[in-house]
Amino acid sequence: EKYKELQPEKYADTVAKVVSKGSTPAGMHLSICVREILDFLQIKPGQKGLDATLGYGGHTREMLKCLQSQGHLYALDVDPIELAKTRERLQSQGFGPEILTIIQENFANIDRVAAEVGPFDFVLADLGVSSMQIDNPDRGFSYKTEGPLDLRLNPEKGITAAERLQTIEEEELRGMLLENADEPYAEEIARAVVQEIRRGIDTTTRLRQVIEKALSRVPAADRKEAVKKSCQRTFQALRIDVNSEFEVLYSFLEKLPDVLAPGGRVAVLTFHSGEDRLVKKSFKRLKKEGVYSEIADEVIRPSAEECLRNGRARSTKMRWAVKA
């Protein structure tokens, strides 16, 4: 009953109550750092832009408003399920094909898009998983609800997280948990997963149970919080691996300068240290090489007020660059 993405207006009171507590209503997505993004991108009517990660379309909508029906925005998303819903949502708000073109494409392939319609005056990449994906039990992104252990951003391609675990070695899984999520109990969890894999770990609940068992020696007073954090990190590490997220981000960052017009601006939102390190290193190197004229000296974070309003904003970091 709570997953009512298509009818938030029907549950207006519930939505307001959930938001007031600093949580995101099931099936909805609250866009992060909207003011900071728009302040930096300085979008002007007549410009051409790219939202490399469409998601729920909240950032897209605000950027479209800045264009004032002049210019064009292109938007990419690899998820066919959410892409269709977002296209319909934005069209109902008055943003049709005359101002917005939505393409099902991985943002690692921005060069293909730019070859046809670029270069772009502004680009945004929000690397977070959307709340609709997290809240939909059928997608398997959350340890909180029972569902298949899938974790694919595009459920039509690749292998599921459950299939990935069936063939993984203990040492490889330990390395994945450390590299993708800085998991302090990586050794214990990797050992427990490999021991239990023959009995099957094909649902979100089953993986959570294995993690709980792995952390059984954690002092009772700390165990509940430790299990919660380790579940979050383990699911994150698996999601990054199944979707090759670091490789995709690296490809995007390498191709990015060639899709920007001179003076073009790019903003990137990251949600964990691995992503942020990649963006920081790329921007610094390319500024040194003269590709970017300016980059963010310090990471930009959401305001304390926004973090209170939206708990999922707390880990967000924003970096930007300007093409020379």
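**Close-up 1. The lining of the second largest pocket.** Helices α9 (186–196) and α10 (204–214) each supply at least two residues of the lining of the second largest pocket, and α9 gives the most, with 5 residues. The model is predicted, so local features need pLDDT of at least 70 and side-chain atom pairs count only at pLDDT 80 or more, whereas totals for chains, interfaces and linings use all residues. Residues are numbered from 1 along each chain as its sequence is written, and side-chain values use heavy atoms, with hydrogens and water left out. About 280 Å³ of space lies in this pocket, whose lining comprises Tyr 185, Glu 188, Arg 191, Ala 192, Gln 195, Glu 196, Lys 213, Ala 214, Leu 215, Ser 216, Arg 217 and Val 218. These lining residues divide into 5 nonpolar, 2 polar and 5 charged (Ala, Val, Leu, Ile, Met, Phe, Trp, Tyr, Cys and Pro count as nonpolar, Asp, Glu, Lys and Arg as charged, and the others, Gly among them, as polar). A pocket is an open set of points, on a 1 Å grid over the protein atoms alone, where a 1.4 Å probe fits, with protein on both sides within 12 Å along at least five of seven lines, and lining residues have an atom within 4 Å of a point. Grid points are joined across faces, edges and corners, and a volume is the space filled by probe spheres set on the points. Helices (H or I, at least four residues) and strands (E, at least two) are DSSP runs, numbered from the N terminus.

**Close-up 2. The aromatic pair of Phe 107 and Phe 252.** Among the 5 aromatic pairs in the structure, Phe 107 and Phe 252 form one that is tilted, at 4.9 Å centre to centre and with 50° between the planes. Phe 107 lies in the loop between β3 (100–104) and α5 (110–117) and Phe 252 in helix α12 (residues 245–259), so the pair ties together parts that are 145 residues apart in sequence. Rings of Phe, Tyr and Trp (its six-membered ring) pair if their centres lie within 6.5 Å, and planes under 30 degrees apart count as stacked, over 60 as edge-to-face and the rest as tilted. Both Phe 107 and Phe 252 are buried (buried means under 20% relative accessible area, exposed over 50% and partly exposed in between, with a 1.4 Å probe and protein chains only).

**Close-up 3. Arg 89 and the ring of Tyr 56.** Arg 89 lies over the face of Tyr 56, at 3.8 Å from the ring centre. A charge sits over a ring if NZ of Lys or CZ of Arg is within 6 Å of the ring centre and within 35 degrees of the ring normal.

Close-up 4. Most residues other than glycine have a negative phi, and most peptide bonds are trans. Gln 42, in the loop between α2 (34–41) and β1 (48–51), has a positive phi near 50° and is partly exposed, with a relative accessible area of 39%. Ser 69, in the loop between α3 (58–67) and β2 (72–77), has a positive phi near 65° and is exposed, with a relative accessible area of 69%. The peptide bond from Gly 118 to Pro 119 is cis, with omega near -5°, and Pro 119 is found in the loop between α5 and β4 (120–126).
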